[in-house]
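Take a look at the model below.

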Number of protein chains: 4
Amino acid sequence: MAGGPGRPEGDELARVKIIGATGYGGLGIIELLLRHPGFELTALAASQEVGRPVSEVWPYLEGYCDLPLLAADSPEFIAAEAEAVVSATPDGVGQLFAGRELAAGRRFLDYSGDFRFDSLDIYREYARRLGREPIHRAPELLPRTVYGLAELHREEIAAARLVGNPGCFAVSCLLGLAPAVRHRLIRPEGIICDCKSGVSGAGKKPSPGHHFPERYDSMGAYRLSGHQHVLEIERELSLLAGRDIRVSFTPQAVPMCRGIMSCLYGRLPEGVGQGEILAAYRDHYAREPFVLVGDASRPASTADVRGGNRCLVTVAADERTGTFRVVSHLDNLVKGQAGSALQNLNLMFGYPEDLGLAYPGPHP
Amino acid sequence: MAGGPGRPEGDELARVKIIGATGYGGLGIIELLLRHPGFELTALAASQEVGRPVSEVWPYLEGYCDLPLLAADSPEFIAAEAEAVVSATPDGVGQLFAGRELAAGRRFLDYSGDFRFDSLDIYREYARRLGREPIHRAPELLPRTVYGLAELHREEIAAARLVGNPGCFAVSCLLGLAPAVRHRLIRPEGIICDCKSGVSGAGKKPSPGHHFPERYDSMGAYRLSGHQHVLEIERELSLLAGRDIRVSFTPQAVPMCRGIMSCLYGRLPEGVGQGEILAAYRDHYAREPFVLVGDASRPASTADVRGGNRCLVTVAADERTGTFRVVSHLDNLVKGQAGSALQNLNLMFGYPEDLGLAYPGPHP
Amino acid sequence: MAGGPGRPEGDELARVKIIGATGYGGLGIIELLLRHPGFELTALAASQEVGRPVSEVWPYLEGYCDLPLLAADSPEFIAAEAEAVVSATPDGVGQLFAGRELAAGRRFLDYSGDFRFDSLDIYREYARRLGREPIHRAPELLPRTVYGLAELHREEIAAARLVGNPGCFAVSCLLGLAPAVRHRLIRPEGIICDCKSGVSGAGKKPSPGHHFPERYDSMGAYRLSGHQHVLEIERELSLLAGRDIRVSFTPQAVPMCRGIMSCLYGRLPEGVGQGEILAAYRDHYAREPFVLVGDASRPASTADVRGGNRCLVTVAADERTGTFRVVSHLDNLVKGQAGSALQNLNLMFGYPEDLGLAYPGPHP
Amino acid sequence: MAGGPGRPEGDELARVKIIGATGYGGLGIIELLLRHPGFELTALAASQEVGRPVSEVWPYLEGYCDLPLLAADSPEFIAAEAEAVVSATPDGVGQLFAGRELAAGRRFLDYSGDFRFDSLDIYREYARRLGREPIHRAPELLPRTVYGLAELHREEIAAARLVGNPGCFAVSCLLGLAPAVRHRLIRPEGIICDCKSGVSGAGKKPSPGHHFPERYDSMGAYRLSGHQHVLEIERELSLLAGRDIRVSFTPQAVPMCRGIMSCLYGRLPEGVGQGEILAAYRDHYAREPFVLVGDASRPASTADVRGGNRCLVTVAADERTGTFRVVSHLDNLVKGQAGSALQNLNLMFGYPEDLGLAYPGPHP
């Protein structure tokens, strides 16, 4: 394999360091990189369990990845060589380290909202919704960041040194709505995103609501008064539409581990029906390696994408009531997180976009 | 307890026979009647396992209900004395027996669509959507039937001899939308019912989609081209609105056993907001024993109603986008089925409406 | 209903106060008492959320039980009238309050190990195994306490003022082994208790191991070096055998909410086989309201007892290998906890032992 | 990669045909082979859905494996070129095709009991236990077959043309007991295998017991009167011990998808304790790529091996009671089935034994 953009000379592997290695997002990218022919893990950082091998904290990695956990601000981690850093961290962490790593010549990909917006104003609004202080620690970097959804920003990502990986709900909504908004197959007002997620999306930290006995046979909506993911959905849809788009968003937790199913609703424009929408979606995604389009004749479920990097979009307009309807399915930990991250890294390092990703997940 | 309408003289218990005793709907009403002070089970019918005690088929009933399973058309079952018959059966069965039982002076409550409509035309449309032959075996009874949702038809149910118990999805949608439609707090066009159900709603019959390994970590929408429950939702809403109402309905299966969560969407009329809707809902349901109203300040989930006969309605309008939004939660096997059936029986026999039902389910 | 032992004069209800009302054990006894014709809840204590109604903490109780949560050492809770106190608390709490409540003339039932042993030495050993300080705060009460497994100590419980409710694993093992040990149908050495539990047994407190994503598809053994429940199992079996009995105990967590299945193994004595054991078990438990005996011809599962107060004991000796084998099934939160507690309260107050308990749980 | 035994000349991939491609066992080997650098899938056979692409039956494979499903006895399937055939089929199927494929010069690996025994007598006993007719359709092949557990028969497998892949329960019991039986660290009488399995082990066919609502919160033992897997466990242990070994086996179903946890019990020989056993196990498995040994100081669960090809063996003797105890954990669909199959194919074709298998499963 020849050296691509950002890769070392010759056939050497591109080296990656991970911050936040022990959360589900960190594990996800470790699992993918272990099987990838073009990347090599060189250092892991975490905020807890520093000093122990990652495989002591997560025994399933024993023998496959036994790197020690370092502090992200330790000399060892800083000195570890790498061409890329993945910050698989919650909001507010990546912005502490991005500047340092970029200055060292490394590409930087962050999982949180820290670098999803190239505008400080939007970031501040985002932080407010999260209940965080509306202060960014590296505002000077925001103009350089790229929103890391390859299906929308492939070329910018390939050229970027700083990428903000998208939110899992946002990926499902954007891939489900982008063709409709772009091609005016949905009226711009009154779009609804009814989004159900498995609870791995909430991370590894135990909470009363995801304690097994409380969750095993219970579903519920949350943050009905405003979820922070709305911002990136609205921003990207507005860019696509060339006008301001607002969506109503209802996040819901269901008793499963992996999977997001988003039912996306709106009103059909005059004269637009199922046939036209389906054709437009098929055309729009014809060359996308990770988006499948189907219609209601084919029963679909999150099992069709579980463990893999695909988003399955089912077009099912309800012409009887004039309702636009698309159902979007993905694995929140793969296409909704680590898989998209690797897709971005592939682009950033000149590898085929689907390298290490073009495989079905295990079933069942 | 004094003899009420339809009850035997004096303090005697009203006797109940069940057709379809071994399905989840039959078990549900058996469980409730075993603890009810005013009813007594006298005979059980089923289409399979005839001749065996119900407690051999379902060992958890051993010692609590050991009645033998009879054929619904056997002389023993016909001769068994009762003041009421519950037909906990799929579509097409109740219509075979209702006439006979009514002629014998018994009240008849049916779980299926057989008696949800007092119009043969609507029944035929319903049957077509189900893929059934659009023929009703007892069309002469339809004008006498009452739609068995007590919150909408309390007085008619109390006076009825023939009741069609509502569908589980329909209960959740109707209780969630009725005040809005009645009081014009939602625009009549473009109403969306996004409904998630635990899989017990599909009954006890094994199927590939509900085989544990296929279902345990997978959710999906089904019948996107038209679910039969839409008809009863539209009919009742139209009656409430005094005009034709259509809804778009998306049924979804999630990996849990009990629970329906329906997210109900529409457009807010000019000048209508969360405060007005919440007040109207609270007022509308102020005297209902089995409907609770809340707002988004209180996190809600199906766990709040699991095992009990309540419907929890969360009002959460999204004023920013002009979106009407209500989330309705219930236990599909209780308020969505056997609990509503007992509520109806209580009304039909002059018992307090909540007798035997005013208890929380087991948690967790 | 006439006044029984410990009940107020005339037909009045016996009043109950609960300490630890908001844990699963507290909820379990609240649910049972709400439907019991002879008891009335008068006060609830908890260590957290003091001042709020219990139904704010657990919304499913709203309208059914809205008592405020008090501090157990508050004047209001102390002054609240009651004939009985249930301490549904972890180890170390009941011993702080038992003396006070007994002195006020109340019966006291504790869920933890605090009063399972009438010997201070055994308690100390028990505390050590738990990793607790081996100090009992009310050692003078120990000689008066009774082990609260009605099937073994019915008469003592009926006469007791202080009862230590048994551990959930211990109930399953003792009911599964008692007839064999008593009637010498198992060799006294080498008895093995292989015990699987749903995770509600670990209580409501979130932990990494019971976080939904970690638990939903994972099982494991724990405390392999010694579980505190062994002590009460060994003590009771030794009393039954009239000699020292030791058991090897392997507690395991499986991804379910409710249910314990204990596979109990040993060696068959010379000449003892399945027929003899089954007959002895049937005879031994013939008059027990809450123990069912079956054999391997009847497939059994925890679903047969879920939500109810029964223990199902399946006798399945393996004569080919000379192995004694019995499988014991119960609901850890009912027969394993709150149900046994109510069974004990019924005995202590002269009610029929099965009052409020003789009902099947909801299925599925 | 140079041509190894059985491989085509030069660097070509070894070609594989699969019979029974649409069951969980077939999917498992398809998933593994898709990512393996040395094998290529050339044809799939199934008994249902013949004529459709496998990816229509299992949409998650779309784009990754779209081979059509053929009948196993069709000319197309017979003519399809291959160096190996995997018969991922239930009992009785592989024996119909093995002779034909071996005669065509192909290696043949069967998942069922058809080729686990090189003795017709044992096969007949096995078939009787299964309730099958005790007739083998290719008895002449039995002397040539090898039991496909690499950890016990590595050299024979490498040289074999016909391999009987082991049963999933058997793998867990044999890997957990082999060192003890070989090195006399357990008394030969009274060995107990208490084995819990996720329900994917029962295959993809829906059944009442694995219908989601019946299984989601229920566990139970089954085939208490004799499970067919006992035979292969006893046969292999007897070979290791050099004397007749019998085990008592209790298979149990728990509400999870993937995972087997086997608690293996026996009596400790005089003078043997935890330290000696642990040392012996560590030594025995020191060079095994897919067996990990731990002790009770490290909490273990099936999550540690889920999705991967490892067996985790926890040594936890209970010296206080003289009880030998080992807990064995694996993924029934990987190390218990398709993973072991690929391990065997690697051996049979001269690839590194862990090629395509040395990766952790996805977590969570």
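Which residues in helix 1 of chain A meet helix 11 of chain A? A:G25, A:G28, A:I29 and A:L32 do, and they meet A:V334, A:Q337, A:A338, A:G339, A:A341 and A:L342 in helix 11 of chain A. Contact here means C-beta atoms, placed from the backbone, within 7 Å. By class, this contact has six nonpolar, four polar and no charged residues. Ala, Val, Leu, Ile, Met, Phe, Trp, Tyr, Cys and Pro count as nonpolar, Asp, Glu, Lys and Arg as charged, and the others, Gly among them, as polar.

This is a predicted model: local features need pLDDT of at least 70 and side-chain atom pairs pLDDT 80 or more, while totals for chains, interfaces and linings use all residues. Residues are numbered from 1 along each chain as its sequence is written, with chains lettered from A and ligands numbered from 1 in the order in which they are written.

Now the geometry. The axes of helix 1 (residues 24-34) and helix 11 (residues 334-348) of chain A come within 9 Å and cross at roughly 50°.

Next, chain A as a whole. Buried residues make up 60% of its 364 residues; buried means 20 or more other C-beta atoms within 10 Å of a residue's own, with C-beta atoms placed from the backbone. The C-alpha trace of chain A spans about 65 × 50 × 40 Å along its principal axes. Of the contacts in chain A with a separation of 6 or more, 69% join residues 24 or more positions apart.

Note on methods. Axes are lines fitted to C-alpha atoms, for helices over the stretch in contact, and angles run from 0 to 180 degrees between N-to-C directions. Helices (H or I, at least four residues) and strands (E, at least two) are DSSP runs, numbered from the N terminus. Two residues are in contact if their C-beta atoms, placed from the backbone, lie within 7 Å. A residue is buried if 20 or more other C-beta atoms lie within 10 Å of its own, exposed if 12 or fewer, and partly exposed in between; C-beta atoms are placed from the backbone.
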